[in-house]
Amino acid sequence: MTDLAVEPDPAGRGVTSTASRGTRILGAATIVSMAVLLLYAFGITSPDAQLGESIRIMYVHVPTISLTYLLMVLNAACGVFYLRRRSEFADLLGHAAGELAVLFLGFSIVSGALWGRITWGAYWVWDARLTTTAVLFLLYVGYLAVRAVQAEPQVRGTRSAIVGIAAALLIPIVHKSVDWWSSLHQQRTLFGTLDPEIGGTQLFTLLFSFVAFGFLAAWLLVHRFRVAWLAERMAERELEFAIAERRSEAQS
Amino acid sequence: MSSSVRGIGGEALLIAGKDLRLEARSRVAANHVLPFVLAVVLLFGFALDPDSGILRRATPGLFWVTVLFAAVLLVQRNFAIERQNGVSDALRLSGLRPAGIFLGKVLSLVVQLLVVELLMAGCAVVFYDVRLRGPLLLLATTATATLAIASAGAVYGPLASGLQVRDTALPLLLVPVLAPVLLCATRAFQIALGEIAGGGWPWAGMLGIVAALYLTLGVVVWGPLMEET
């Protein structure tokens, strides 16, 4: 059993929860850090001189898009590992990462659209990065569609690994699109330069948002992995029951 | 090494020849896909006022959108016939290298797409009153974009053909993947035809990078794809 897998119930009642001591600590850390982030984002930091109140959206938008890229890279890495080793662990972890990437990218697109309404006067503009990010979203929706099709675990794993790797190839295009195409999108504020354009409590809040959303992503990732792992065990048991049933029918 | 490359090239030609002979005999591409392209060309004419000049200005985008739709049909057709009569199993047992088979599929798709593009170019001149300028850039863009579309199609085609929902899955998987190709090829065509100012060659270069990415991906993953699907 892997470190991420579900702990069996000591009382022998089978698996009753996807939680463990580690995930409970992670969950508590997520709740506390999210509360601190809310306090800083809406209470302590002041509006930005240029962006005004809309800078508060950045405390959701920037970490979610960054974590999306990270989850997509994890998904592709799991895909490569799966194709080399046929590891169920990599397959299910990749699935969990892909699903969370779609969730976080959804958050990021919605928060970006809200920011765009304030800054550009429209929820959506046909800007290069927005468009390619929407394309990336569709690519991972396609990944989830491939995962959802009923198939043998190995076949499903191979197909989804290839789709995940191909989708990840587009990440550099999306990331560099601001430089390659003339773009309306806000230039990268934090990592685009060695001298960040924001500072003080704003910079602290932005950096802390990575911690809070990072905890959230890790917590959701572990639970999603465990649910997928349990679903696989359940499918195996159903198959075993079905075979046993057929055998008993043949013998009687 | 060089004999291995020659071998893969020979295998690719063998597979491409087989696919193109199948198409020449069945005439599905000629009887279904080319008339579909013609229908789309006419529909764009009805949808966009041909007298206002919009149609001519929009031609680069319309050209590549139509090619993309045709590519989905061609890829679907190309891999659907592999599923019949155990052709995919026969290919797996043939001893041909997966990379050779993949490159053969790409080559056959490139030839079929070039026929579609030739028809589209003729339609653009006749129906949309487009004057072809910047021939070198147009040719380079067409070559690299076609290679990119065919490479991505040859990766996603067998993947989708194995799914129970193959008819709806392929467009969902392939169209977003080809969005960067559409964007770059459209921009390069706009520059070549003089619709917008700027340098068109970086766009053609970008298409080359995308084509190289998908070609490499296909060569690497075609083996596992054949085994499992």
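A: B:Arg27 sits in the loop between α1 (2-26) and α2 (28-47) of chain B, where helices are DSSP runs (H or I, at least four residues; strands are E, at least two) numbered from the N terminus. B:Arg27 has a positive phi of about 55° although it is not a glycine.

Q: What should I know about the model and its numbering?

A: This is a predicted model, in which local features need pLDDT of at least 70 and side-chain atom pairs count only at pLDDT 80 or more, while totals for chains, interfaces and linings use all residues. Residues are numbered from 1 along each chain as its sequence is written, chains are lettered from A and ligands numbered from 1 in the order in which they are written, and side-chain values use heavy atoms, with hydrogens and water left out.

Q: And which residue in chain A has a positive phi although it is not a glycine?

A: A:Arg86 does, with a phi of about 55°, and its place is the loop between α2 (55-85) and α3 (88-119) of chain A. A:Arg86 is partly exposed, because its relative accessible area is 28% (buried means under 20%, exposed over 50%, partly exposed in between, with a 1.4 Å probe and protein chains only).

Q: OK, zooming out, how many helices and strands are there in chain A?

A: Chain A has seven helices and zero strands, and 46% of its 252 residues count as buried. Chain A exposes about 13100 Å², of which carbon and sulfur atoms supply 65%; accessible areas come from the Shrake-Rupley method with a 1.4 Å probe, and for residues only the protein chains shown count as cover.

Q: Which residues touch the most other members of the largest nonpolar core?

A: Those are A:Tyr140 and B:Tyr156, in a core of 118 residues; a nonpolar core is a set of buried Ala, Val, Leu, Ile, Met, Phe, Trp, Tyr and Cys residues joined through side-chain atoms within 4.5 Å. Apart from that core lies another, of nine residues, among them A:Tyr59, A:Trp115, A:Ile198 and A:Leu206.

Q: What does A:Tyr140 touch, not counting residues up to four places away in sequence?

A: With those set aside, A:Tyr140 is in contact with A:Met72, A:Asn75, A:Val102, A:Gly164, A:Ala167, A:Ala168 and A:Ile171.

Q: Switching to chain B again, where does B:Gly61 lie?

A: B:Gly61 lies in helix α3 of chain B.

Q: Last one: is B:Gln190 buried or exposed?

A: B:Gln190 counts as buried, because its relative accessibility is 19%. B:Gln190 belongs to helix α8 (residues 179-192) of chain B and touches B:Pro60, B:Glu195 and B:Ile196, again not counting residues up to four places away in sequence.

Note on methods: Contact = heavy atoms within 4.5 Å.
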